[in-house]
Structures are given as structure tokens and as C-alpha cells.
Amino acid sequence: MNLSLAVGDFRAARRRAAIEEILARLRGTPTDLLSFEEGREKLGGVGQRPRGLQDIPLDSIVGSVGRYSEFTRSFLPRTDSDEQRWAAVRTGVESLAGLPPIEVYKLGEAYFVQDGHHRVSVARQLGADRIQAYVTEVPVQVPLSPEVTPEEVISKAEFVDFLDRTRLRQVRPEADIQLTCADCARRLEEHIHVHRHFMGLEQQREISFDEEVGHWYDHVYRP
């Protein structure tokens, strides 16, 4: 493919980006990529585990390291200044040399691009399903799916705080709690404190916080 045809593909992608953002505003749905830094901080991500070269699903790439405002959620380019770089990558797709793998971080089941944003953008516009990537996993305390929205990241961050404050993971390592509403973590914590109050009245003694949390999980939440 010559450069002029690749530029034409870029301009078509820019038009699709504009349409996508107009429709998203009408529907009230987000189009932004997620910020890796914010996601790692909010979800309690610590450490790194290199996972090597993998084929990863393009649909599972939901965010970026530092460039989350430059592409839409479907990796359409948002600025005309990307034209030459995007077109060069588009041309390189069909060259003999090809393109190198991208580099990503993995939080839960979601991926964030560190290097290779234009390669992801071009691959998605060509209808590819997967792309080669060097993956570095950052373990998080709560699961993160590729369908996550910025609002859900905030909700999950509140759940991380809930786990820290209640020490539920230490008291009941096997605990499996699923949140289904924005303020569920706050409501659960209030429920635990009420449970502690009535435990103390019933047993006529001071109830330790860890005992309260374990008893609440075993006798209230699980049933």
C-alpha cells in the first residue's frame, strides 16, 4: 500500500471517530480510554510480573499509559496531527518487515498500551481480532474485565478500600463478594458495623473487629 492510500484510511478513521463521539454523547456512554496509572492506583495494583510475548485480544485493550486522551475507546484517532504516523504504520502492516509487537500492562483481564498505540489503532480498523504483545501483569485486588467503564473503576476502587478497612481478605481469604451497585461497599460496611453492635448486645461482651467481620461473612453474607 502506498502512503496516499494509507492517508485516506486515516482520514476515514478520523471521520468514524467524530461520528462515534457524537453518538456517545447522545447515548451518555464513555468513549475515553482508561488511564493505566489511575486504574493501578485505584485498584491497589502492586508489583509486576513479566508474562512474555503473547497473542492478546484487541477487544481487551481498554486503556493507555499516558495517551488515553489521544484515541477513542475503540482506538480511533482523535487528532489530525497523527496522520503521518498512523499512515506510516498502516503502510508498514503490508511491508515485508512487518511491525514489532506492542507492549502492554495487564490489570485483571484488561490491557493498557505502553507502546504501540498506532499499531493497535490500525489493527482494529483492519478488522483484526488479536495482536502480538509483550505483556507485563500487575496483580490487582479486584477483578477487572475488558468491558469496564470509568465509573466501574471508581466502584471497584471503593471495594478495594472496603477490603482494606475491613481486613476481609485476611479474616476470610476465601471470601467471594460481588458488588452490583455503585455504593454497595459503603452499605456493606455499615451492615457490618450494625452486626457488631447486635453481636455485642447478644453476647454481653466487646466484639473484636476481626471477629465481627468473620461472623458477619459466615452467618449473614454467605447465607
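Accessible areas here come from the Shrake-Rupley method with a 1.4 Å probe, and for residues only the protein chains shown count as cover. With that settled, I looked up the surface: the chain exposes about 12,200 Å², and carbon and sulfur atoms supply 49% of that area.

**Ground rules.** I am working from a predicted model, in which local features need pLDDT of at least 70, side-chain atom pairs count only at pLDDT 80 or more, and totals for chains, interfaces and linings use all residues. I number residues from 1 along each chain as its sequence is written, and side-chain values use heavy atoms, with hydrogens and water left out.

**Fold.** I took helices (H or I, at least four residues) and strands (E, at least two) as DSSP runs, numbered from the N terminus. I found 8 helices and 6 strands in the chain. Their order from the N terminus is α-β-α-β-β-α-β-β-α-β-α-α-α-α. The radius of gyration is 23 Å, well over the 17 Å that the globule rule gives for 223 residues, so the chain is more spread out than a compact globule. That radius is taken over C-alpha atoms, and the rule is 2.2 Å times the number of residues to the power 0.38. I also noted the span of the C-alpha trace along its principal axes, about 80 × 40 × 25 Å.

**Burial and contacts.** I called a residue buried under 20% relative accessible area, exposed over 50% and partly exposed in between (1.4 Å probe, protein chains only). By this cut-off, 42% of the 223 residues are buried. For contacts (heavy atoms within 4.5 Å), I looked at those with a separation of 6 or more: residues 24 or more positions apart account for 76% of them.

**Helix 3.** Which residues of helix 3 (residues 83-93) are buried? I listed Glu-83, Trp-86, Ala-87, Val-89, Arg-90 and Gly-92. Their cover includes helix 1 (3-27) and helix 4 (117-125). As background, an α-helix has 3.6 residues a turn, so residues three or four places apart point the same way.

**Lys-106.** I found Lys-106 in strand 4 (residues 102-107). Is Lys-106 buried or exposed? Lys-106 counts as buried, at 15% relative accessibility. Setting aside neighbours within four places in sequence, I listed its contacts as Tyr-111, Val-135, Thr-136, Glu-137 and Val-138.

**Val-148.** I placed Val-148 in the loop between strand 6 (130-137) and helix 5 (150-166). Val-148 has 1% relative accessibility and counts as buried. Its C-alpha atom is 9.0 Å from that of Leu-34, a residue 114 residues apart from Val-148 along the chain.
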